[in-house]
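The following note sets out several points on side-chain packing for a colleague's review. Please read it alongside the coordinates.

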Amino acid sequence: MYLSPEEEKIYDGEYGEAKKIAIRLLYSLGELGGAEKLIPIKSAHVSGVSFKNIGQGGLNFLKKISDKVAVPTTLNPLGFDLTENGPVDIDDTFREKQMEVIRVYNEMGIMNSYTCTPYYFYNEPRFGDHISWAESSAITYANSIIGARTNRESGPSALSAAIIGKTPDHGMHKTENRYANMIIKPYKLLDYSQLAALGLLTGGIVKGKIPLIKGQKGAKLFEIKAFAAAFGASSSVPIFHFEDITPESKLVKEKSEVVEVSESEINETMDKFSGDSQPELIAIGCPHLSVEELNYIATLVRGKKKTGPDLFLFTNRKVKEEARDAVREIENFGGKVFVDTCMVVSPLSNKYHRTATNSGKASFYLPLNEYGNQQVTFRGILQLMKWVIS
Ligand code: F3S
């Protein structure tokens, strides 16, 4: 891969150790991906923020690579809500380590967004922008729904790109690699949790191909967000298209394989990722909720009082502020709206063991020991609400 004379200097360490590590990491990825050069990016989004996920090794790496970022850069959720604490109690060591992680990121000039939906308010790429994002749900959203261009970056590679302000020019940055080559035809127009199930199912069958989903005209963007997150959890493919909805849905290879998806396959997928235990917690907001979603949930609980399990919702600070009336109604009902964190990256198992959610991505990760160790029940939102509305 070609490096300009200035990039060579960074590579040789003339601008310090952190930039040297960053450009060498980008160089290796570029070589692996067949890139010919580095290209400028408009923004970065960095995952690996919760101390629960990165541990001491991740914190040590961060300190080593700490340098000012060159482009607007946002952060994924951390291990607890900095504004109100929760969703569960944490010990002093976890709190101290988490705050140390935050301090390092702050010194680098990264925004205090703490969200996996930075495209609501903090970091809003436009169609065609080259960006370097980590966080699989945000990557698939940015590529597919916005039409921005990012490879599936890790926390360290997105951070390196943020520091250098560039990324290797390969993969999703090239139009020819963004074509669908598999057609998915669901049996009908699906709702939020059915689209999440379709995302899990599709991720399991694409085997590296890019799917075009047919017949979903009328689906809302937050519903396609549910697909994006689940698809990003069950596959490593960083893009998909929805016919007549997403901006590049005309990019389809001729003679693409067609796969029909039946009602029973959607139901079986939900069952595969779901037990039927009585939940102690109803958790909604993976990915983080939008203003529209919070407003909708407020209509479901208006004038009612919560019974049964705890009800936790997750979003970011700016969405919570923008949807303050809905948040008030939800909290009057007895629910709780958290920011900065989420059901997967907070240490939920400190208190809970049985969680119900409408998220395909959370249903995929929460049962895993290292993510939540939960017995999960995966249901649509109206079914979830039956547990808390008498
Ligand atoms: Fe976001 Fe946490 Fe889910 S980062 S996509 S809410 S696992």
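The points below concern a buried asparagine, the aromatic pairs, charges over rings and the cysteines.

1. Basis. The model is predicted: local features need pLDDT of at least 70, side-chain atom pairs count only at pLDDT 80 or more, and totals for chains, interfaces and linings use all residues. Residues are numbered from 1 along each chain as its sequence is written, and side-chain values use heavy atoms, with hydrogens and water left out.

2. Asn 316. This residue is in the loop between strand E11 (310-314) and helix H11 (317-322); helices (H or I, at least four residues) and strands (E, at least two) are DSSP runs, numbered from the N terminus. Asn 316 has a relative accessible area of 0% and is therefore buried (under 20% relative accessible area, with exposed over 50% and partly exposed in between; 1.4 Å probe, protein chains only). A polar atom of the Asn 316 side chain lies 3.1 Å from the backbone nitrogen of Lys 318. Leaving aside residues up to four places away in sequence, Asn 316 touches Ser 113, Thr 115, Thr 117, Tyr 120, Tyr 122, His 288 and Val 339 (heavy atoms within 4.5 Å).

3. Aromatic pairs. The whole structure holds 16 aromatic pairs (rings of Phe, Tyr and Trp, the last by its six-membered ring, with centres within 6.5 Å; planes under 30 degrees apart are stacked, over 60 edge-to-face, the rest tilted). One of them, Tyr 192 with Phe 222, is tilted, at 6.2 Å centre to centre and 35° between the planes. Tyr 192 belongs to helix H7 (residues 192-205) and Phe 222 to helix H8 (residues 221-234), 30 residues apart; both are buried.

4. A second pair. The ring centres of Phe 312 and Tyr 352 are 5.8 Å apart and the planes stand at 85°, so this pair is edge-to-face. Because Phe 312 lies in strand E11 and Tyr 352 in the loop between strand E12 (336-338) and strand E13 (354-357), the pair ties together parts that are 40 residues apart in sequence. Phe 312 and Tyr 352 are buried.

5. Cluster and charges. One aromatic cluster is formed by Phe 227, Phe 231, Phe 240 and Phe 242. The charged end of Arg 95 sits over the ring of Phe 80, 4.8 Å from its centre (NZ of Lys or CZ of Arg within 6 Å of the ring centre and within 35 degrees of the ring normal). Likewise, the charged end of Lys 336 sits over the ring of Phe 338, 5.5 Å from its centre.

6. Cysteines. How many disulfides are there? With a disulfide taken as a pair of cysteine sulfur atoms within 2.5 Å, the count comes to 0. Cys 116 is buried, at a relative accessible area of 8%, and Cys 286 counts as buried at 8%.

Definitions and conventions: Polar contact = N/O pair within 3.5 Å; in protein donor to acceptor, adjacent residues only side chain to side chain.
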